[in-house]
Amino acid sequence: MNWIDFTTKLLAATLAMGTSLTYATLGEVFTEKTGILNLGMEGIMLMGALSGFATAFSTGNLYLAIIVAMIVGASFSLIHAFLCISMRANQVVSGLAITMLGTGMANFLGQRLGPASNKFNLCGMNLATKFDNIAIPGLHKIPVAGAFFDVSVLTYALYLLIPFAWFFMYKTKHGMVIRSVGENPRTAAAMGISVSKIRYIYTVIGGMFAGLGGACLSLSFTPSWNDGMTGGKGWIVIALVIFSAWNPGRVVIGTLIFGGITSLQFSLQAAGFEMVIPTQFLAFSPYLITLLVLTAMTIINQKKKGSYASPAALGTSFAIDDK
Amino acid sequence: MRFSLEKRDSKSRKMTILVPILSLLLSFLLGAIVLGLNNANPIQTYSAMAKGAFGSQSKIQFTLVKAIPLLLCGLAVGIAFRLKFWNIGAEGQYVSGAIGITWVMQFWTFLPNWMLLPVGILVGVIFGAIWGGIPGVLKAQWSVDETLATLMLNYIIIGYAEYLYINAWKAPRGNMGTVRYPEFAWLPRIWGRVHAGVFFALILVAVLWFVLYKTRWGFELNMIGKNQRAARCQGVSIKKNIIVAMLISGGIAGLAGAIDSAAVTHQLTKGVDAGYGFTGIIIAWMSGLNPIVSIFIALLMAALETGSDALQITLKLPAAMGEVLQGLILIPLLAGTVFTEYHLRIQGKHKEIST
């Protein structure tokens with residue numbers, strides 16, 4: 001295999017995997033910008049993957065599947081929003097609880113779904129139809145970069161969504177409202193902004209995108225259902241938010257790098273590299289690299305205080321009558 | 001009608017006890033709804049779970065054996081949580097401990113027989129402490145996010161353990177798992193399947209209770225968790241305490257891994273990442289980070305696990321029901337904790353009721 005072919009294939013695999021991560025990371029960026037940390041991503045993505053798959057499996061309608069996954073994602077993050085915003089629960093523990101509940105529910109429902117008369121066991125099932133790649137005539141033949149023009153609808157949608165999300169966050173008045181709620185909720189409240197309402201809205205929207213991200217896995221990347229099929233991607237998302245420095249425009253850099261490392265690791269395994277490096281080492285390498293990059297980024301962020309810092313009120317609860 | 005929360009003058013003692021109990025009941029009710037929606041009879045299911053967990057002497061023993069590593073992991077997580085250091089890596093620290101003891105059992109054969117077990121457990125503790133210390137140092141030195149660091153370290157060590165029992169340390173026969181530890185180095189059993197690990201766990205509960213509630217260091221840990229700035233003003237070193245607490249937290253999780261390996265599996269093999277570390281998080285939070293209360297929560301969690309294993313056999317329900325219930329348990333508790341510090345105020349059109 002020549003290098004151009006190899007790189008093109010690697011880029012294609014990276015885009016396929018990165019799509020799921022990008023949706024979820026975008027969602028979490030918006031949630032965290034308002035000051036709410038949602039560590040429930042892993043559980044929400046898994047529920048999105050399951051509900052999307054179950055819908056597509058029983059109806060064959062992929063777009064309906066996407067909608068269902070987004071609704072399920074929204075409802076799970078609504079629990080988180082209720083606990084953290086209305087009940088002032090600890091955001092870290094609440095997020096962990098959502099992850100545990102989502103993982104447990106997805107594993108349970110994956111083995112037993114629907115009424116007793118026709119129970120499904122979805123484990124190991126495959127989809128008959130999936131989101132196929134659509135090649136743009138001409139463009140997709142460009143070496144390497146052609147991979148960008150031979151992707152699924154889900155990825156094409158991101159080409160529009162990312163610039164839009166950046167514009168929305170930094171160039172609109174509403175974007176400023178979101179940022180002010182995460183940076184200084186007290187001032188925002190004094191200006192007449194309902195902090196709780198904004199936090200509720202973007203926690204739920206974040207969950208919708210996480211559900212969609214999960215569905216990308218089970219409807220396009222590996223069109224099947226398996227217990228725990230997200231394999232920790234929900235946690236990677238939390239790290240990717242830090243890499244993006246909470247900027248929707250930068251999200252794609254992190255997802256491409258992480259997607260790239262993971263895909264490279266798969267192709268190395270396929271190419272028989274496990275004779276040199278054991279399979280298990282290749283398998284955990286993305287997590288090791290994530291840890292190293294996270295450490296490096298944190299040190300850099302501290303030196304460059306300012307544009308790389310996290311929202312000041314991230315992880316804290318806010319009530320207007322608190323003293 | 002309007003609802004609002006109003007701060008109490010002091011923490012309500014009544015609510016501190018009432019909220020966890022009501023939450024537990026509520027979570028079982030929520031679980032019943034999940035079961036009902038899936039056409040399973042909740043009463044039948046719960047009684048099958050209770051029978052599976054406590055139905056006979058050997059079942060009680062199984063539950064107790066599960067409760068030992070769970071309790072230890074709950075204690076481990078609880079120490080870190082006291083400083084608001086979110087250690088979700090007890091799972092990895094547990095696996096690290098299991099690797100440590102297996103290393104001694106396999107390669108330290110120059111030791112006299114009687115020393116193999118104590119040295120093995122000690123090395124397991126040290127391995128766990130190292131795996132917990134890394135994120136502690138990362139946090140203390142460079143404030144690297146500990147939730148992610150501990151979680152990534154989980155994936156790394158679990159992958160490494162897999163490499164050991166499938167490749168490097170694999171026994172000549174079979175396709176996975178190390179050679180079994182020599183029988184004289186097993187942790188002895190004291191009642192049926194229940195092993196001497198119980199003593200380790202209970203002694204540790206007593207020691208931790210004393211240290212956390214009766215010593216200056218325990219007081220310092222609490223202060224760091226509640227108000228970092230105040231702690232710093234008092235001259236408490238936050239960096240040092242984070243590292244020390246994480247060494248201890250990791251060490252206890254490592255102890256759990258070493259004990260379970262020495263008493264139950266007698267080898268390093270598939271299933272070493274049984275999720276005890278994650279359940280430990282629930283135990284720590286449900287118990288309000290109190291070591292003594294942790295005993296009861298650990299027993300409850302163990303019962304949920306052995307009980308749901310039985311579901312698969314008796315009712316043909318997926319064992320994942322146990323995971324669902326464990327996940328559900330924290331949610332009402334998280335919602336209810338607010339009432340220990342706040343009143344609920346319901347403002348109607350004319351009257352005001354406060355509870």
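B:Lys7 is exposed, because 12 other C-beta atoms lie within 10 Å and a residue with 12 or fewer counts as exposed. The model is a predicted one. B:Lys7 belongs to strand S1 of chain B, residues 2–7. Leaving aside residues up to four places away in sequence, B:Lys7 touches B:Glu341 and B:Tyr342. B:Gly74 is 67 residues from B:Lys7 in sequence, and their C-alpha atoms are 30 Å apart.

## Chain B overall

Chain B contains 14 helices and 5 strands. Its C-alpha atoms fill a box of roughly 80 × 60 × 35 Å along the principal axes.

Of the 355 residues of chain B, 52% are buried. Among the contacts in chain B with a separation of 6 or more, 77% join residues 24 or more positions apart.

## Positive phi in chain B loops

B:Lys84 is a residue other than glycine with a positive phi, near 60 degrees. The loop between H3 and helix H4 (90–107) of chain B holds B:Lys84. B:Lys84 has 14 other C-beta atoms within 10 Å and is therefore partly exposed.

B:Ser143 also has a positive phi, near 45 degrees, and is likewise not a glycine. B:Ser143 sits in the loop between H5 and H6 of chain B. Is B:Ser143 buried or exposed, or in between? With 14 C-beta neighbours inside 10 Å, B:Ser143 is partly exposed.

## The contact between the chains

How many residues of chain B are in contact with chain A? On the chain B side there are 40 residues, and they contact 40 residues of chain A. The elements of chain B that give two or more residues to this side are helix H5 (113–142), helix H6 (146–168), helix H11 (276–286) and helix H13 (321–336). H6(B) supplies the largest share, 13 residues. By class, the side of chain B that touches chain A has 28 nonpolar, 9 polar and 3 charged residues.

## The largest nonpolar core

The largest nonpolar core has 210 residues, and the members that touch the most others are A:Phe53, B:Leu72, B:Cys73 and B:Ile259. Helix H3 of chain B, residues 57–82, gives the largest share of this core, 15 residues. In soluble globular proteins, nonpolar side chains tend to be buried together.

One of the core residues named above is B:Leu72. Not counting residues up to four places away in sequence, B:Leu72 touches B:Ala201, B:Ile252, B:Ala253, B:Leu255 and B:Ala256.

## Chain A overall

Chain A has 11 helices and 2 strands. From the N terminus on, its elements follow the order α-α-α-α-β-β-α-α-α-α-α-α-α. The radius of gyration of chain A is 20 Å, close to the 20 Å from the globule rule for 323 residues, so chain A is as compact as a globular protein of that length. Along the principal axes, the C-alpha trace of chain A spans about 65 × 55 × 40 Å.

Buried residues account for 51% of the 323 residues in chain A. Of the contacts in chain A with a separation of 6 or more, 78% are between residues 24 or more positions apart.

## Helix H10 of chain A

Helix H10 of chain A covers residues 251–270, and at 1.5 Å a residue its 20 residues should span 28 Å; the end C-alpha atoms are 29 Å apart, which agrees. The buried residues in H10(A) are A:Val251, A:Val252, A:Gly254, A:Thr255, A:Phe258, A:Gly259, A:Thr262, A:Ser263 and A:Gln265. Viewed down the axis of H10(A), these buried residues fall within an arc of 165 degrees, so they line one face of the helix. An α-helix has 3.6 residues a turn, so residues three or four places apart point the same way.

What do the buried residues of H10(A) pack against? Their partners in chain A are helix H1 (3–33), helix H5 (153–171), helix H9 (233–243) and helix H11 (279–303). Just after H10(A), A:Gly272 has a positive phi of about 85 degrees.

## A:Ala296 in helix H11

A:Ala296 lies in helix H11 of chain A. A:Ala296 is partly exposed, because 13 other C-beta atoms are within 10 Å. A:Ala296 and A:Ala190 are separated by 106 residues in sequence and by 37 Å in space, C-alpha to C-alpha.

Methods. Residues are numbered from 1 along each chain as its sequence is written. Chains are lettered from A and ligands numbered from 1 in the order in which they are written. This is a predicted model: local features need pLDDT of at least 70, side-chain atom pairs count only at pLDDT 80 or more; totals for chains, interfaces and linings use all residues. Two residues are in contact if their C-beta atoms, placed from the backbone, lie within 7 Å. Helices (H or I, at least four residues) and strands (E, at least two) are DSSP runs, numbered from the N terminus. Ala, Val, Leu, Ile, Met, Phe, Trp, Tyr, Cys and Pro count as nonpolar, Asp, Glu, Lys and Arg as charged, and the others, Gly among them, as polar. The expected span of a helix is 1.5 Å times one less than its number of residues. A residue is buried if 20 or more other C-beta atoms lie within 10 Å of its own, exposed if 12 or fewer, and partly exposed in between; C-beta atoms are placed from the backbone. The arc is that of the directions from the helix axis to the C-beta atoms. A nonpolar core is a set of buried Ala, Val, Leu, Ile, Met, Phe, Trp, Tyr and Cys residues joined through C-beta atoms within 7 Å. The radius of gyration is taken over C-alpha atoms; the globule rule is 2.2 Å times the number of residues to the power 0.38.
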